[in-house]
Amino acid sequence: MSTSLEKWVIKQAELTKPDRIHWCDGSDEEARKLINIGISEEKINNYPIFTELNQELWPNAYHHRSHPTDVSRTEHLTYVCYPDKDTAGPNNNWMDPNEAKAKLTKLSDGCMRGKTMYVLPYMMGHPDSPYSKACIQITDVTYVAVSMRIMTRMSKAVVNKIGDSNDFVKGLHSVGDFDTNKRFIMHFPQENFVWSIGSGYGGNALLGKKCFSLRIASFQGKNEGWLAEHMIIIGIEDPTGEITYVAAALPSACGKTNLALMQPSLPGYKIWVLGDDIAWLNIGEDGRLWAMNPETGFFGVAPGTSIKTNPNMIKTLKAGTFFPTLFTNTAIDTDKNEPWWEGLSSEPPKNVMDWQGNKWNPSLKTNAAHPNSRFTVSISQSPTISKEFNNPKGVPISAIIFGSKRSNTVPLVYESLNWQHGVFAGASMGSETTAAATHQVGLLRRDPMAMLPFCGYNMADYFKHWLNIGKNLKKPPKIFFVNWFRLDEYGKFIWPGFGENIRVLKWIIGRINNNISAKNTPIGLIPNLDDLDTNGLNIDKKNLEKLFDIDVQKWQEEAENTKSFLEQFGDRMPKEIFDELAALKNRL
Ligand code: GTP
Ligand code: SPV
Ligand code: MN
């Protein structure tokens, strides 16, 4: 007699027709074997899946080159499938589940011929947490199997945990033939099922990440009274040793990983990391909001990461424990066989091979590393991992921070007036697009709570859910907004960012503890300039004032833009959100 799990796997094998099926146990030896297969047997676009990097300088590090058409998430090929379109909402691409399955059945028929099917049993969340979920992903590429072992708690024990139940999250993944016309990332939230074909890249292929832990989990959270968010979780230790836990959402490639690993510039402060991308937030028995990170690794943007901007990440990448570290689509310094990317060093190395394997030099004016090139590394290697990381209860959250990438209009930091106003301001967030997804970079788009590409159901219902969570919390966390990216008249960032962002966090802690007052503006509360610690910071007063300049006309435009965005959701939108919009317009 086989279990439901075995039956499901056999059924997928009957469709995809692999030569072999390998059940992964998540062990160290197995990861090594998979890497060796990736080095010597499997290829993508004629390149081996993995090449070994300089093991002395980058212990246990490997380089991976994805298919050149497969370098970022493809939002236009990502669908959520419910019987009715309204449940998906205008924020999602929608397809009828039967139609989607018929389409993918055709594309998947025999797609693993000649290949090995890897069956990956993994947990999202600590196994002892009541909120963790047992999952199975099937894939046909070692890169995904090894990445999933870094990013999740992969182990044989999950198979026993599932036993004969059907209560596990299912993911079927195949890279297919990388044809972009045959690439789809389909979600079936009502069946806890993700079906992805045609891409081997990050959020398209590591199905525990955005597909399950955000799109499907957000739908579960709505039904079960919790939140799945695109948020980091950090503990901020102040000079007295007090640790304040906060969760922060910023859109893709807008600074989450850097904030999570920050080396604060102010003496006496420390940032402890619990997560850099995804948070599951529950209402605890004490009526507070508690956060946990379902993942165990970082899949971070390489360009811009350096010993200056993010020393803790460089240390993490070089720590070299039994977990491998992967570099995807970075360039290579061919003299030293080291990974390289723009910003790693001020001068590029002498001999560089770009992310596609061509000889490169700066006069080409192209990017050596792909702008969305990434590293995959275990959080356990981080010198700043929080001692609470493996606490199944998670940590209590004192503030939620929303951030966006705005060259103008939005100040360095402001505080919302209350939970409802914070939810409205989060719902109206706009951010300039980045290379994390395939689309034109630098365009302003509305990206509520940094969740536009990741909310697995109608965002009108999502806003309602956020309002309800606030009502069910004894003391809802304060909600803040940050923007590190305002530009001066020469197009340079005014705010130095990175480790200096601690100055903003210090102000936020002061506000959480009711230690300092703030200045009222039409959009919310901003610091009195004297309360922002600028000791030792080289920034002139005029520029500092510019960071907090609130241009009423621009904000009126912002309100109009928000209005047309929110109106797409029609009658489903909670009235409170439009009340807040009217109140904002009034104040302006
Ligand atoms: P995802 O992994 O896509 O969700 O991205 P993320 O939000 O974790 O973004 P990440 O921290 O990787 O930063 C993306 C880019 O923004 C990198 O190139 C960083 O160097 C840059 N960046 C991060 N923080 C700051 C900052 O404070 N100031 C400036 N100017 N740039 C920053
Ligand atoms: C993001 O795009 O927000 C990421 C990378 O964190 S991916 O895994 O591709 O979603
Ligand atoms: Mn992300």
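Ligand 1 is surrounded by 21 residues, each with a heavy atom within 4 Å of the ligand. The closest are Ala253, Lys256, Thr257, Asn258 and Arg374. The structure is a predicted model, in which local features need pLDDT of at least 70, side-chain atom pairs count only at pLDDT 80 or more, and totals for chains, interfaces and linings use all residues. Residues are numbered from 1 along each chain as its sequence is written, chains are lettered from A and ligands numbered from 1 in the order in which they are written, and side-chain values use heavy atoms, with hydrogens and water left out.

Helix H9 (256–260) and strand E20 (297–301) each supply at least two residues of the shell around ligand 1. H9 gives the most, with 3 residues. Helices (H or I, at least four residues) and strands (E, at least two) are DSSP runs, numbered from the N terminus.

Polar contacts were examined next (pairs of N or O atoms within 3.5 Å; within protein, one must be able to donate a hydrogen and the other to accept it, and residues adjacent in sequence count only if both atoms are side-chain atoms). A side-chain N or O atom of arginine 374 lies 2.7 Å from an oxygen atom of ligand 1. Proline 303 places a polar backbone atom 2.9 Å from a ligand 1 oxygen. For cysteine 254, a backbone N or O atom is 3.3 Å from an oxygen atom of ligand 1. On its own, ligand 1 has 660 Å² of accessible area, and the protein covers 91% of this. Accessible areas come from the Shrake-Rupley method with a 1.4 Å probe; for residues, only the protein chains shown count as cover.

Asparagine 458 lies in the loop between strand E31 (444–446) and helix H12 (459–472). This asparagine counts as buried because its relative accessibility is 3%. Buried means under 20% relative accessible area, exposed over 50%, and partly exposed in between (1.4 Å probe, protein chains only). The side chain of asparagine 458 reaches the backbone nitrogen of alanine 460 at 2.9 Å. Beyond four places in sequence, asparagine 458 is in contact (heavy atoms within 4.5 Å) with residues including Asp86, Pro90, Phe569 and Arg572.

Aspartate 549 is found in the loop between helix H14 (541–547) and helix H15 (552–567). Its relative accessibility is 37%, so aspartate 549 counts as partly exposed. Not counting residues up to four places away in sequence, aspartate 549 touches Thr409 and Arg486. Proline 411 is 138 residues from aspartate 549 in sequence, yet their C-alpha atoms are 6.6 Å apart in space.
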